Amino acid sequence: MMKKLTTLILSAAIIPALALSTAAMAEDHDDMQADTEQQADEQRAGEQQMSGKPAGAFYADDVIGKTVKHRGSDKDVGEIQDLIIGEDGHIVGVVVKTGGFLGLGGQDIGLGWDHIEHTMEDDESVFYTDIDEETLRNSPKYERD
């Protein structure tokens, strides 16, 4: 009888302790899950807002006003006047003013972004194309809508 009483008393003491530890573990799990969800929310918010430009990115003014050079001859073929941005928000092309003298007499042409190569030289944006000057001169005039 004494053994049964001791077992009963020990059981009565252990069961609440186990229940409390299980509840504490569940609460810790919920806290960890909430922390993980909060970190994911903060990471998503980081994608929506930026504190600086990402590596490899550049600004519009790093493009607009810059000279486009022919890759083979290194001759200036024109100056980028504007960016053409697609419905998805990505740059699809540029408007380049070709030829002329002191900004006079040139013609605006549109070049697909995939025909322009952007490089950095001496901390300056430099743009190259493989399209030769003759082809550019004979390109149709870009008509802005």
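Me: Before I look at the sheet, what makes two strands pair, and what counts as a strand?
Reply: Two strands pair if DSSP finds at least two bridges between them, and strands are DSSP runs of E with at least two residues, numbered from the N terminus. The model is predicted, so local features need pLDDT of at least 70 and side-chain atom pairs count only at pLDDT 80 or more, while totals for chains, interfaces and linings use all residues. Residues are numbered from 1 along each chain as its sequence is written, and side-chain values use heavy atoms, with hydrogens and water left out.

Me: How many bridges join strand 3 to strand 4, and how do these strands run?
Reply: Strands of a sheet pair through backbone hydrogen bonds, either parallel or antiparallel. Here strand 3 (residues 91-98) and strand 4 run antiparallel and are joined by 6 bridges, with K97 standing opposite D108 in strand 4.

Me: What is the strand order of the open sheet?
Reply: The open sheet has 6 strands in the order 4-3-2-1-6-5, with mixed pairing. Its edge strands, each pairing on one side only, are strand 4 (107-112) and strand 5 (117-121). On average, neighbouring strands of this sheet are turned by 40° against each other, direction ignored, where the axes are lines fitted to C-alpha atoms.

Me: Which residues take a positive phi in the hairpins?
Reply: In the hairpin of strand 1 and strand 2, with 5 residues between the strands, D74 takes a positive phi near 65°; these strands run antiparallel with 3 bridges, and K69 stands opposite D76 in strand 2. In the hairpin of strand 2 and strand 3, which also has 5 residues between the strands, the positive phi, near 90°, belongs to G89; here 7 bridges join the antiparallel strands, and L83 stands opposite V94 in strand 3.

Me: Which residues line the second largest pocket?
Reply: A pocket is an open set of points on a 1 Å grid over the protein atoms alone, where a 1.4 Å probe fits, with protein on both sides within 12 Å along at least five of seven lines, and lining residues have an atom within 4 Å of a point. The lining of the second largest pocket includes F58, L83, G89 and W113.

How values were computed: Helix = DSSP H or I, 4+ residues; strand = E, 2+ residues; numbered from the N terminus. Axes fitted to C-alpha atoms, helices over the stretch in contact; angles between N-to-C directions.
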